[in-house]
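Subject: Structure handover and contact notes

Hello,

Here is the structure for your files. Please load it before reading on.

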Amino acid sequence: MTMTQPAAAAPPAPTPAQPQHAPDQSVMRLRELVFGAACAAAIRAAARLGVADALDEQPATAEELAAAVRTEPRPLNRLLRALTSYGIFAEQPDGRFVHTGMSRMLREDAPDSLRNIALWCTEPWTWEAWPRLDDAVRTGQDVFADLYGKRFFDYLHDDAPESAAVFDKAMTRSSMQSARDVVDSLDLTGTTTVADIGGGQGHVLAGLLEKHPALHGTLLDLPKVVANADPRLRAGGALADRATLLPGDCRQEIPVDADLYIIKNILEWDDDSTRRTLGNVVAAARPGTRVLVIENLVDDSVSMRFTTAMDLLLLLNVGGQKHTRESLVTRMTEAGLEVGDVRPVNPYLHAFDSTVRGS
């Protein structure tokens with residue numbers, strides 16, 4: 001009998017090529033973060049060039065936009081490519097660019113424009129100060145005087161008038177935007193007089209007076225500030241007969257009697273200034289008087305990346321700080337205030353409602 005040889009074993013199927021390991025997302029993210037200055041610089045460049053203002057609702061090519069803003073097309077295309085990776089502008093399949101929600105906010109005429117804020121946060125002095133953050137952390141002191149030979153606001157007004165102008169525009173726009181949220185959030189039942197302490201141009205006060213026709217109010221701030229108050233509050237303005245403009249320094253004295261004191265975004269100086277301001281409010285107010293403190297928080301906020309960045313910038317330029325909920329409640333309690341409700345005004349502001357304790 002003929003024996004058949006067993007069939008040769010089939011060769012093993014080729015092993016599929018092993019996929020390369022997916023890139024570690026933490027590595028990718030850190031690489032992006034350490035190039036964060038490129039993103040900030042790209043936003044600043046687009047804002048200074050007016051790219052968002054040049055792009056209307058019709059899609060446009062880089063060449064068309066370059067002609068409008070007087071740049072070279074190829075570098076502008078590279079700038080737009082970088083910005084689209086962050087969702088600032090978008091590129092269509094045909095290569096034309098269109099607006100996104102973020103790019104619209106870089107327009108000067110946008111109701112919620114952040115153009116001047118974008119410029120302010122990327123002013124030339126910031127590029128000198130940020131690399132010194134380790135020094136500020138090590139010492140707990142600002143680095144500005146060491147860099148420029150004078151304090152921050154002295155430098156702005158003496159040596160950097162263009163930067164000072166950007167600061168004024170940014171603060172005015174930001175104040176106007178947040179004032180609407182504050183006015184909408186406040187219940188003024190039983191309130192007949194309000195004092196806006198360190199209230200800048202008085203946008204909150206003006207909004208409250210417009211909404212409440214029986215309300216009277218006082219704006220207290222430095223002489224140069226109240227001299228440029230909201231036109232509605234000044235002599236001849238629509239609200240002037242119910243508004244008092246009072247030049248002064250809230251860290252020195254608050255000679256105002258009111259049913260409600262509002263302190264918004266000024267308790268970010270050094271601790272001594274914060275304590276003196278709160279103490280002066282308590283000294284001026286009657287027991288039981290309502291005091292509303294409105295601040296950015298670095299802990300209880302959905303916008304922590306924004307508020308913690310502001311906190312570090314304050315450390316660098318003026319030696320100031322943003323508060324946690326606990327630190328602000330502590331300062332207010334030590335000053336003689338009884339803190340009650342703490343509530344968000346918008347994604348980046350919280351209101352601390354309090355009353356002056358009895359003697």
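Below are notes on the rings, the charges and one annotated region.

This is a predicted model: local features need pLDDT of at least 70, side-chain atom pairs count only at pLDDT 80 or more, and totals for chains, interfaces and linings use all residues. Residues are numbered from 1 along each chain as its sequence is written, and side-chain values use heavy atoms, with hydrogens and water left out.

Rings to begin with. A search of the whole structure gives 12 aromatic pairs. Rings of Phe, Tyr and Trp (its six-membered ring) pair if their centres lie within 6.5 Å; planes under 30 degrees apart are stacked, over 60 edge-to-face, the rest tilted. Trp 125 and Phe 144 are edge-to-face, at 5.8 Å centre to centre and 75 degrees between the planes. Trp 125 sits in helix H8 (residues 124-129) and Phe 144 in helix H10 (residues 144-148), so this pair ties together parts 19 residues apart in sequence. Helices are DSSP runs (H or I, at least four residues) and strands likewise (E, at least two), numbered from the N terminus.

Phe 144 also pairs with Phe 152. Their centres are 5.0 Å apart and their planes at 90 degrees, so this pair is edge-to-face. Phe 144 is buried, with a relative accessible area of 0%. Phe 152 is buried too, at 3%. The cut-offs: buried is under 20% relative accessible area, exposed over 50%, partly exposed in between (1.4 Å probe, protein chains only). Ring pairs link a cluster that includes Trp 120, Trp 125, Phe 144 and Phe 152.

Now the charges. The structure holds 27 salt bridges (a side-chain nitrogen of Lys or Arg within 4 Å of a carboxyl oxygen of Asp or Glu). Arg 104 bridges to Glu 57, with the closest N and O atoms 2.7 Å apart. Arg 104 lies in helix H6 (residues 101-104) and Glu 57 in the loop between helix H3 (51-54) and helix H4 (62-69), so the bridge ties together parts 47 residues apart in sequence. Arg 104 is partly exposed, at 34%. Glu 57 is exposed, at 56%.

Asp 135 and Arg 138 form another salt bridge, at 2.9 Å between the closest N and O atoms. They are three residues apart in helix H9 (residues 133-139), separated by about one helical turn.

Last, the record. The UniProt annotation "domain: O-methyltransferase dimerisation" (unreviewed entry) covers residues 32-106. UniProt positions follow the numbering used here, feature names are shortened, and annotations may be inferred rather than shown by experiment. Over residues 32-106 the chain is 60% helix and 5% strand.

Best wishes
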